[in-house]
Amino acid sequence: MNAPPRSFHVKSFGCQMNAYDGTRMAEMLEAEGMTATDEATQADLVVLNTCHIRERAAEKVYSDIGRLKRADGTTPMIAVAGCVAQAEGAEIPRRAPTVDIVVGPQAYHRLPAMVAAVTAGARAIDTDMPALSKFAQLPVRRRQGPSAFLTVQEGCDKFCTYCVVPYTRGAEISRPWGQVMDEARALVDAGAREITLLGQNVNAWTGTDGRGLAGGLDGLIAELDRLPGLERIRYTTSHPNDMTQGLIDAHRDVGKLMPFLHLPVQAGSDRILKAMNRSHTRDSYLQILDRVRAARPDIAISGDFIVGFPGETDADFAATLDLVAQVGHAQAYSFKYSPRPGTPAATLDGAVPESVMDERLHALQALIWEQATAFNAATVGRRTRILIERDGRKPGQRIGKSPWLQSVHLDTNAPIGAMLDVEIVSAGPNSVGGVALSG
Ligand code: SAH
Ligand code: SF4
Ligand code: F3S
């Protein structure tokens, strides 16, 4: 028998879906009577909510586990959750014997029971994928900041050849309409003003509305638009193939839907897109953006890129740069290809040397940086509404979000959670400066 843990610390890595899961685990542990602590080594229970997307992310888990050893040689109860837990399962305690619990992304509603089992002297491993059962068993949402995440869709059926997500998160599943609306209402009651709908392929969400009519994400967004107290709606991440005309039109028709779209394309060469099994081409991707911009001309475009996929030539990479030059991103993420165990691309020949990947990443990031700076500069002079999200560095400063997801720094006493009219007056690559027009 061990003493039952009274304090806990959850550390999440990776994507927003993981951040959401981390919040839900924390809420669950609080509902069990435990208290959150900021310092991992002070906590009785540490949950490492891990990411498996690239090799470096996955390896980090083991160095983090090592760092949990306290000065007196003891360790807290350690739970490894998230995508590394799903991918490596029982291998984790074999490699890191101080780990007590391994729990996958679809099984974390069982965490309190697993903690009880460890307290009783056992080790607990659960990487089951029971479809959706976890949500109904989680406590009601509470204590929200102004901007909240809400996972509506889980898993992925796309099987891009480089990607572990279909294996760690399972098949595409949509949470039912009523369950999503209940959670959205609870979030607004708990103080949320903005909700970001989440999913590995959020725009693949489908469901049946209150009147029994089947529909897609656009229908859900239209219903959320009618939710009193909710000011803003966002969604991420989307796949080009699920970008329906209804969802595109929602960017024109739905007042609370923000003009921002994260639509990863990954590469600009059709040959590489095919090898990645992306099932869209460079042109079909650009045509989607044309339709999106026709519906909402000021929309901010974001994306993800991989450089150095096996077999990527200089000409292929030039096609990526050329595509980026055409799009005009407000922001974008770019990564060096990382071979992942069990994925089809990991067995491909034609590995790109590290030094070439470094050069390509550098060139791509320089171009994206230029575009982001230009995007922000073009918003100077705009009068718009921002959501105040947190304190700035100096007293009297706050940081808010513009509709285009820019961080807006300004002097104001407006409280966190307020909507404020501002004029954007200055711009940098990562944020803009504003002045309040009221309040
Ligand atoms: N579901 C989303 C995001 C998946 S993971 C989508 O389909 O766009 C986030 C990003 O990580 C991906 O868009 C991709 O750019 C990157 N990524 C995924 N697997 C990778 C790998 N093996 N190596 C490098 N980057 C990868
Ligand atoms: Fe991974 Fe592709 Fe699925 Fe995105 S769409 S999660 S990149 S397999
Ligand atoms: Fe990482 Fe899993 Fe998200 S691998 S990116 S935490 S879905």
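**Close-up views of two parallel sheets**

View 1. The bridge partner of Val307 in strand 16 is Lys336. Strands are DSSP runs of E with at least two residues and helices are runs of H or I with at least four residues, both numbered from the N terminus. Strand 15 (residues 300-307) runs parallel to strand 16 and is joined to it by 6 bridges. This is a predicted model, in which local features need pLDDT of at least 70, side-chain atom pairs count only at pLDDT 80 or more, and totals for chains, interfaces and linings use all residues. Side-chain values use heavy atoms, without hydrogens and water, and residues are numbered from 1 along each chain as its sequence is written.

**View 2. The open sheet 14-15-16.** In this order, 3 strands form an open sheet with parallel pairing (two strands pair if DSSP finds at least two bridges between them). Strand 14 (260-262) and strand 16 (331-336) are at the edges with a single partner strand each, so one side of each has no neighbour in the sheet. Neighbouring strands are turned by 10 degrees against each other on average, direction ignored.

**View 3. The open sheet 7-10-13.** Here, too, 3 strands make an open sheet with parallel pairing, in the order 7-10-13. Strand 7 (147-151) and strand 13 (232-236) are the edge strands, each with a single partner strand, so one side of each is left without a neighbour in the sheet. The twist averages 25 degrees from one strand to the next. Strand 10 (residues 194-198) pairs with strand 13 over 5 bridges in the parallel sense, and Leu198 has Thr236 of strand 13 as its bridge partner.

Note on methods
Chains lettered and ligands numbered in written order. Axes fitted to C-alpha atoms, helices over the stretch in contact; angles between N-to-C directions.
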